[in-house]
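Subject: The structure to look at

Hi,

Here is the structure I promised to pass on. Have a look at it first, and then read my notes below.

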Amino acid sequence: MADLTSASLSRRDLLTALASMSVAAAFPARAADLRSASGVDVLAAAPEDLMTSPDKVLSLGEFEGLARRRLPPAHFGYLNSGADDDKTVRANLSAFDKWFIRPRRLVEVTRVDTSVELFGIRWPTPITLAPIGSQLMMHPDGELGTARAARAGNHLQILSTVATTPIEEVAKARGAGLWSQIYPTTQWDITQKLVRRAEAAGAAAMVITTDYPAPPNRETQFRGARMDTRDCRQCHINATEDLRRKPMYIGTQLTAEQFRASNLNWDLIARLRDVTSRRILLKGILTAEDAALCVKYGVDGVIVSNHGGRTMETGRGTLDCLSEIIATTQHKIPVLIDGGFRRGTDVFKALALGADAISIGRPYCWALAAFGEAGVARALQILRNEFDVTMRLAGVTSIKGITRQAIGAV
Ligand SMILES: Cc1cc2nc3c(=O)[nH]c(=O)nc-3n(C[C@H](O)[C@H](O)[C@H](O)COP(=O)(O)O)c2cc1C
């Protein structure tokens, strides 16, 4: 903060200092029951009044404070919640601290190639967007804003089954570069219908989420709802009706119970092959045993994910799961990973452990909540830039150069 006693204090310094003081007074302490997912004091990191446009935001973490301020407690609770005590949310983040980077010197890094290949398509960056439901709840730009921002930086976008915008419209906004996430249901005819519709809309791959067979205990979300004084019945009727209003389920008779595929098994995955000619990836794989079954059943790719720590309190960060999965798949199929990616150095560490690409979830939604499409574009630009700079500072000029030797265990 500026020194208020300085004779050289400019008017701008004074306004800046006053702005930060008033915000500090307005937010003496964060509510303990809506914790920052990152565990850092995001409100202290930078007063939100100083971040009036996307270009003033310095890091993905700073968007979190903005989202917390702009979203009603029920919606921020939904976005940030984990399961039970949110320990797995924190495990995802702290897993990155178990590794350090071993930079090499005297390597010319004038040109750095951050591009990766997935299923024969080259992407300028390994940073992709994880499927997140209900984005219109965060900002009127919703999934279309995210799609336009993804398109601007040519990031692969995975669209949620429970998106609030029809997949056909999102595919149009994104152009090529959209994968569709599918929650299988207990009703095979509905599951088939979802896959066929995604294929017709142009989705190049189906990401089957496997970690949601029972309703999770999202206490942070429930506390957020409890704190909210608005009349939620304006928008929410009940679980079944709310689901049926999601564009992917319009015209189906899906119930909330049928939504969670408690009957999902490997036969059902094999049957999906007859429904679609598109690539099939399984999201939510966390063990070598399941990775081996993915290879055995001819799955095209794996996403190492614990749903951002919001289905089950596994207590293990996704980065901690990565090595056993890579040791099993042996690079025969692409392995993507999500959970806790907030910095370019995080991306670097996951690639050094063998991932082909990474996804971010909450951070682009914080940015969406803060500034709509422009926020998402800025968040992606920040992470791309951090990753590019990490490669240069580590003395690596291509993704292939990010090897296991580039990092060490703390
Ligand atoms: C608010 C929210 C909604 C989500 N919705 C979905 C979804 O519809 N389908 C899905 O497969 N995963 C969903 N996820 C999980 C994300 O795809 C991803 O695994 C997770 O957010 C990654 O962790 P991160 O948020 O720490 O980056 C959701 C996550 C959040 C935070």
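In which kind of crossing, left-handed or right-handed, does α15 pass α17? α15 passes α17 in a right-handed crossing (left-handed is when the near helix is turned anticlockwise from the far one by less than a right angle, right-handed when clockwise).

Before the rest, two notes. This is a predicted model, where local features need pLDDT of at least 70 and side-chain atom pairs count only at pLDDT 80 or more, while totals for chains, interfaces and linings use all residues. Residues are numbered from 1 along each chain as its sequence is written.

**The chain as a whole**

The protein chain has 17 helices and 12 strands (DSSP runs numbered from the N terminus: H or I of at least four residues for helices, E of at least two for strands). Of its 410 residues, 46% count as buried (20 or more other C-beta atoms within 10 Å of its own; 12 or fewer is exposed, in between is partly exposed, with C-beta atoms placed from the backbone).

**Two helix pairs**

Two packed helices are described by the angle between their axes and the distance between the axes. Axes are lines fitted to C-alpha atoms, for helices over the stretch in contact, and angles run from 0 to 180 degrees between N-to-C directions.

Back to α15 (residues 344-352) and α17 (residues 373-394): they pack at about 60°, with axes 7 Å apart. That makes α15 oblique to α17 (under 35 degrees is roughly parallel, over 145 roughly antiparallel, 65 to 115 roughly perpendicular, the rest oblique). Gly344, Thr345, Val347 and Phe348 of α15 are in the contact, and among the α17 residues there are Leu383, Glu386 and Phe387 (contact: C-beta atoms, placed from the backbone, within 7 Å).

The axes of α13 (residues 288-296) and α14 (residues 318-329) come within 8 Å and cross at roughly 30°, so these two helices are roughly parallel to each other. Here, too, the crossing is right-handed.

**Around the ligand**

Of the 23 residues around the ligand, Ala130, Ser160, Gly308, Gly361 and Arg362 come nearest (near: C-beta atom, placed from the backbone, within 6 Å). The shell divides into eight nonpolar, 11 polar and four charged residues (nonpolar: Ala, Val, Leu, Ile, Met, Phe, Trp, Tyr, Cys, Pro; charged: Asp, Glu, Lys, Arg; polar: the others, Gly among them).

Glu168 sits in helix α7 (residues 167-174). Glu168 counts as partly exposed because it has 13 C-beta neighbours inside 10 Å.

Cheers

Terms used. Contact = placed C-beta atoms within 7 Å.
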